[in-house]
Amino acid sequence: MLGGVLVSLSGCMLERFRHEKYTCQNSNLNIAEIVIRSAKKGKEVKIFGYDGDRVGTIEEISSQLAVIRTSEGTLKLNRKTGSLSVQVRNRYTRTNCKLSVFKL
C-alpha cells in the first residue's frame, strides 16, 4: 500500500522552491536582471541595475503575466516569453529578457 502511495505521489508536480530570473541587459532602462523569488501578490521583486539595485512589488500575478510597481514606474513582465514592457511617467519601452527558472 505504501508503495502505491509513493508511486502516485511521484507523478505530482510538487514544487517547494521556485526562483525566476529574467536577464534583460538593457542599459537604457537600467535593468540588468529581475528576480522573482515568491510569485505572489504583494511580494517583493529584486531589480538589479547598472546604477544599483532596487525593489519592486508585485501588484498582479498570473501564470502568464506579472505586473510590478517600482518607485519609477510599472513593469509588465510576460512570464512565458520574457517580454518586458516598462512605463515610466509617459514613456513606454519594450525589451526582451532571457528567462531562467530554478525549481526544487
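Modeller: Two strands pair if DSSP finds at least two bridges between them. Strands (E, at least two residues) and helices (H or I, at least four) are DSSP runs, numbered from the N terminus. This is a predicted model, in which local features need pLDDT of at least 70 and side-chain atom pairs count only at pLDDT 80 or more, while totals for chains, interfaces and linings use all residues. Residues are numbered from 1 along each chain as its sequence is written, and side-chain values use heavy atoms, with hydrogens and water left out.

Biologist: What makes S5 and S6 a pair of strands?

Modeller: Five bridges join S5 to strand S6 (residues 74-78); the definition asks for at least two, so they pair. The two strands run antiparallel. One of the bridges can be named: Val 67 has Lys 76 in S6 as its partner. The hairpin from S5 to S6 passes through four residues.

Biologist: How many helices and strands does the protein chain have?

Modeller: The protein chain has one helix and nine strands. Read from the N terminus, the order is α-β-β-β-β-β-β-β-β-β.

Biologist: Why is the link between Cys 24 and Cys 97 called a disulfide?

Modeller: The sulfur atoms of Cys 24 and Cys 97 lie 2.1 Å apart; the limit for a disulfide is 2.5 Å, so the pair qualifies. Cys 24 belongs to strand S1 (residues 18-26), whereas Cys 97 lies in the loop between strand S8 (91-96) and strand S9 (98-103), so the pair, 73 residues apart, links distant parts of the chain. With 95° about the S-S bond, the link is right-handed. A search of the whole structure finds one disulfide.

Biologist: Are Cys 24 and Cys 97 buried or exposed?

Modeller: The relative accessibility is 8% for Cys 24 and 7% for Cys 97. Buried means under 20% relative accessible area, exposed over 50%, and partly exposed in between (1.4 Å probe, protein chains only); therefore Cys 24 is buried, and so is Cys 97. Of the 104 residues of the protein chain, 33% count as buried.

Biologist: Which residues of the largest nonpolar core touch the most other members?

Modeller: They are Ile 31, Ile 34, Leu 75 and Leu 84, in a core of 16 residues. Such a core is a set of buried Ala, Val, Leu, Ile, Met, Phe, Trp, Tyr and Cys residues joined through side-chain atoms within 4.5 Å. S1, strand S2 (31-36), strand S3 (44-48), S5, S6 and strand S7 (83-88) each supply at least two residues of this core, and S2 gives the largest share, three residues.

Biologist: What makes Thr 95 a buried residue?

Modeller: Thr 95, in strand S8, has a relative accessible area of 16%, so it falls on the buried side of the cut-off. Leaving aside residues up to four places away in sequence, Thr 95 touches Asn 26, Leu 29, Gly 82, Ser 83 and Leu 84, where contact means heavy atoms within 4.5 Å.
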